Amino acid sequence: MFTTLCALVPADPHYPERTRRLTILKRVLDGTLYDELPYEFHQERGAGGEYIPLRMRKPSVRYPLARIVVDDSVSLVFSEGHFPTIDCSDQRVRALFADLAKECTLNHVMMEAALRGAIGSVAILFRVLNGRAFFSVLETPHLTPEWNPEVPDELLRVTERFKVRGAALIPRGYSDLDPGAEYWFLRYWDELDDVWFEPQLVAAPPRPPVRDEAHSKRHGMGFVPLVWVKNLPGGPDGVDAVDGACTFRAAVETTIEIDYQLSQAGRGLKYSSDPTLLIREPAGVEGEIVRGGGNALIVSEKGDARLLEIDGTASAAVIEYIRTLRELALEGVHGNRASPERLSAAQSGRAIEMMNQGLVWLADNLRVSYGDALLKLARMVVRATNLYPLRIFGEVVEPIPPGTRLGLIWPRWYAPSSEDRARDAQTLRTLSEARHISRETAVKSIADVYDIEDVHAELARIGAAAGHADAGTDPREDA
């Protein structure tokens, strides 16, 4: 059925096959996959009385399994309680990136990137405007990256090219365009410039692009200010493949089957509430037949009248079948198959993690690709501080040495219970007293649980409190 739906999506010969593939997967994620079907599910007959097959009807019930899996996995990677901390040995740099993440709502940017990139890839644009850093998420169906052959993970250029109506370009300053005509929009980013070109009519003969000086800008950063993210390993084959694997592709066919089975089950329930009336030899029945408790049907002695009812066993079988399909689909994409109804009591964080092991594995893979993208963005900020007077919360940032090493500290998958915290405290105390780990390592391991943003500052406060305790003074006297 998925192949049938894909065949209904118009294929634009001006775009590569990659664009069409990503566009179809985006329709699955957005819930617009069935928009090309011409009939609603309740339309069983066409205008000429011909039967309309199910494959040509839009299902009346749609289960957004793809979006559910993507939302669950993205939330487990970049939600407020799961967003990583950018770590560095320099306390000033750590505080700078903590403030930058708050000012730029970096967790929201990365969540949007992981959501849009679930189809296979996504790009994140870094800009410095009026001394402030900004991050934007770009969808990739119409983007084409070019990589440095000497440094395969370094971008040389990213080109954006797509069709757009003139009415969408006129507000951008193009006043001499036909609002109803289609134009090619073209621009690219390289190491020094953000270059725009004059829109060209799609219907006109091709000609060399003309640079649009009014919209082109020079950023002068010395690197392409975009991060290209491949969603998951195992994407399309080929040396020049630029996309990763889709998060939900393995469940698409099963999701379509669920939609149609649920629609058929709903159709059966509607029929049960208003079944067909069968009358044999309706002697004495004249005019329109009105069914209801206050209307009697009079038939001949040998006549008969009955409702063509169906029992509920078929509906129960369909629901059980759908439940099985859902389990198989979630297993195929490593979604969350845990049922809240089975939780009879509060569970520890480790128990919930084991119960959702498939989803944790999926989120763990996403941490690799999108965590690497987050570090690349952080390194771009480091380089930008040496080029521009960058401001964060109104304060100018001192240049950060280009060779500064950065890392990520990820929080636990699930919040620990009080029993988990008590066991952790006892374990860390034992290891610290036995000098198997340092106090810094102990504090760092529980920083996400107790919302400790700066481990070194916390260690300083611990040392100050210990010094006051040894001296028999109150630490509040220093305040």
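Trainee: Which residues does Ser79 touch, leaving out those up to four places away in sequence?

Mentor: In this predicted model, Ser79 touches Val74 and Met111 once residues up to four places away are set aside.

Trainee: Where is Ser79 found?

Mentor: Ser79 sits in the loop between helix 3 (65–78) and strand 3 (85–87).

Trainee: And is Ser79 buried or exposed?

Mentor: Ser79 is buried, because its relative accessible area is 17% and the cut-off for buried is under 20%.

Trainee: Let us move to helix 3, then. At what angle do helix 3 and helix 10 pack?

Mentor: The angle is about 60°, and the axes of helix 3 and helix 10 are 9 Å apart. The two helices are therefore oblique to each other. The crossing of helix 3 with helix 10 is right-handed.

Trainee: Which residues make that contact?

Mentor: Helix 3 contributes Val69, Asp72, Ser73, Leu76, Val77 and Phe78. From helix 10 come Leu359, Val360, Leu362, Ala363, Leu366, Arg367 and Tyr370. By class, the contact of helix 3 with helix 10 has ten nonpolar residues, one polar and two charged.

Trainee: How does helix 2 pack with helix 3?

Mentor: Helix 2 and helix 3 pack at about 85°, with their axes 7 Å apart. They are therefore roughly perpendicular to each other. Val28, Leu29 and Asp30 of helix 2 meet Ala66, Arg67 and Val70 of helix 3. That contact of helix 2 with helix 3 divides into four nonpolar, no polar and two charged residues.

Trainee: Which residues of helix 2 are buried?

Mentor: The buried residues of helix 2 are Arg18, Thr19, Arg20, Leu22, Ile24, Leu25, Arg27, Val28 and Leu29.

Trainee: What span should helix 2 have, and how far apart are its end C-alpha atoms?

Mentor: Helix 2 has 14 residues (residues 17–30), so at 1.5 Å a residue it should span 20 Å. Its end C-alpha atoms are 20 Å apart, which agrees.

Trainee: What follows helix 2?

Mentor: Gly31 follows helix 2, and its phi is positive, near 80°.

Trainee: Which residues other than glycine have a positive phi?

Mentor: Two can be named. Asn130 has a phi near 55°, and Phe393 has a positive phi of about 55°. Most residues other than glycine have a negative phi.

Trainee: Where do Asn130 and Phe393 lie?

Mentor: Asn130 is in the loop between strand 4 (121–129) and strand 5 (132–138). Phe393 is in the loop between strand 15 (391–392) and strand 16 (395–396). Asn130 counts as exposed, at 71% relative accessibility. Phe393 also counts as exposed, at 51% relative accessibility.

Trainee: Turning to helix 5, at what angle does it pack with helix 10?

Mentor: Helix 5 (residues 106–116) and helix 10 (residues 357–385) pack at about 135°, with their axes 11 Å apart. That makes helix 5 oblique to helix 10. Their crossing is right-handed.

Trainee: Which residues make the contact between those two helices?

Mentor: Leu106, Met110, Ala113 and Ala114 of helix 5 make the contact with Tyr370, Leu374 and Leu377 of helix 10. By class, the contact of helix 5 with helix 10 has seven nonpolar, no polar and no charged residues.

Methods:
Residues are numbered from 1 along each chain as its sequence is written. This is a predicted model: local features need pLDDT of at least 70, side-chain atom pairs count only at pLDDT 80 or more; totals for chains, interfaces and linings use all residues. Side-chain values use heavy atoms; hydrogens and water are left out. Axes are lines fitted to C-alpha atoms, for helices over the stretch in contact, and angles run from 0 to 180 degrees between N-to-C directions. Helices (H or I, at least four residues) and strands (E, at least two) are DSSP runs, numbered from the N terminus. Angles under 35 degrees count as roughly parallel, over 145 as roughly antiparallel, 65 to 115 as roughly perpendicular and the rest as oblique. A crossing is left-handed if the near helix is turned anticlockwise from the far one by less than a right angle, and right-handed if clockwise. Contact means heavy atoms within 4.5 Å. Ala, Val, Leu, Ile, Met, Phe, Trp, Tyr, Cys and Pro count as nonpolar, Asp, Glu, Lys and Arg as charged, and the others, Gly among them, as polar. The expected span of a helix is 1.5 Å times one less than its number of residues. Buried means under 20% relative accessible area, exposed over 50%, partly exposed in between (1.4 Å probe, protein chains only).
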